[in-house]
Amino acid sequence: GEEERGPEESTRSPFGVDDAASVASADDEDASEDDASSSSERAARSSASPEPERRLVFVPDAAPFAAAVSAFATRPVLDRRAAVSRVAAHALTMHLGAAAHVRATARYLLGGAGDFTSALVEAVARAANAAAAKAARDARRGLGVSGPGSGSGIAARALRDALASAIRESSAASDPLASRLAIDVAASPPGSGGVFIHGEDSVLMTDVVDAAYRTEWPTSLLFATRAREALADARRATLRLRHVVLALDDAHRSVLDAGGDRDRPRAPRDDPVRALARRRCRKLALLSAEFRHFARALERFVVDAHESATGTLVARLAAEGNSAASGNSAASNNRSMNRGDADANAAAAGVRDVYELRDLTSAYCHGAREACLLSPRDAGARESVDRACQLALDFRVVVAKRRTTSALATDAAAYAAAQATHAKFRVCVQGLCERLRDEAANRGGRRAERAAKLLAAVDFNGFYSGNATPSVRRDE
């Protein structure tokens, strides 16, 4: 029979070697082979593509979880966000023509292209007069009630035709960016009955225009929604001023034609009627010159503010391109320091990221609105300006609506109405100058500087302050 073995003898091999020892030696050999193969694989990987550098992050014991989230989640996301923002700002300024779009916006929406703005206002005036005449005819036929807030209003097609005519008749015809302009009928103000009609005799005539400069994504990121609203307010105020300037030019031509009218019957040089007509024409010419000075000074002040802000913004955008092209922003900063100009220093710095770019364009649009006295703090001055502009248009109604120029010099009622309108205008402008003088007395601040500039433009010789002798007095 077979001899029984103990537990210690059951693990021995027929050759006299322990089975456990043989298994352990085999395992050691396999492990050494695995280590050798893994080390060779690591060496091959390291030679093919080196591993990124690993940095130790010390997490304080006070807030380990918050610090870990900040180090491993928040900070990497913010770093990549900043990198993408810098790339987007570089693409907008260097490759997508952000500066060119800003210049086009200023030219066609803020009165930079004067011939285009004049052509657009004249075309809109023709459309508004046609709509007002149609509303009056419908009222006479019992189809509606004439007046503001009634009638069919100006059609969008008429405004598109006006825009096309303005582009065709001005320097915008040779500008490819002018094709990006879009125009539509503006939303009616509350309480207007859905539509509103204002003819050329109203300062609100151009408020029906809702013009915009269209850009595709991502260029549309330049202007935020609120910035576009501020830009629309500035564009509306700029069109109002151009409408008043053109209307007063028409009135002044009528006055000059009345003074030099040769169609009247010849009369003796000492004829009292002829002498009275000549004196009235001279005084009406002085009144017209005063109206025109106010409107032109106000428009020049607003357009100059727009042009200055546009130049600053374009220089800032161009500095981004110059610094990227040269690759030496430090040298650019040194050049700006040598100029000793704070604005030049800001412009030479360029744009860091797309968020700063949005801040710059937003500040530009809101600054354009403030230049038109549309901020809440300038409500009183804006009311005076609108009142004075409407009185100027009323003067034009009295003067330019009489197609027979001889009637202007001999019509006592028309002459009295013109003088009464001018008297109201003088009081209104004096009140505006008083407001501006009080605002300019507050030293420091952008509003005080703006008020001082506007006061110097309107009342440059102290005429409305009482320092100059009035050159116009009422006829006995």
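**Burial and ring pairs**

Reader: Why is T310 called buried?

Author: T310 has a relative accessible area of 7%. Buried means under 20%, exposed over 50% and partly exposed in between, with a 1.4 Å probe and protein chains only, so T310 is buried. The model is predicted: local features need pLDDT of at least 70, side-chain atom pairs count only at pLDDT 80 or more, and totals for chains, interfaces and linings use all residues. Residues are numbered from 1 along each chain as its sequence is written, and side-chain values use heavy atoms, with hydrogens and water left out.

Reader: What does T310 touch, residues up to four places away in sequence not being counted?

Author: With contact meaning heavy atoms within 4.5 Å, T310 touches V102, R103, A106 and Y364. T310 itself lies in helix α7, residues 272-326; helices (H or I, at least four residues) are DSSP runs, numbered from the N terminus.

Reader: How many aromatic pairs does a search of the whole structure find?

Author: The search finds 5. Rings of Phe, Tyr and Trp (its six-membered ring) pair if their centres lie within 6.5 Å; planes under 30 degrees apart count as stacked, over 60 as edge-to-face and the rest as tilted.

Reader: What makes the pair of Y108 and F116 edge-to-face?

Author: Their centres are 5.2 Å apart and their planes stand at 80°, so the pair is edge-to-face. Both Y108 and F116 are buried.

Reader: Why is the pair of F291 and F395 called stacked?

Author: The ring centres of F291 and F395 are 4.6 Å apart and the planes lie at 25°, so this pair is stacked. The pair links distant parts of the chain, with F291 in helix α7 and F395 in helix α11 (residues 379-400), 104 residues apart.

Note on methods:
Helix = DSSP H or I, 4+ residues; strand = E, 2+ residues; numbered from the N terminus.
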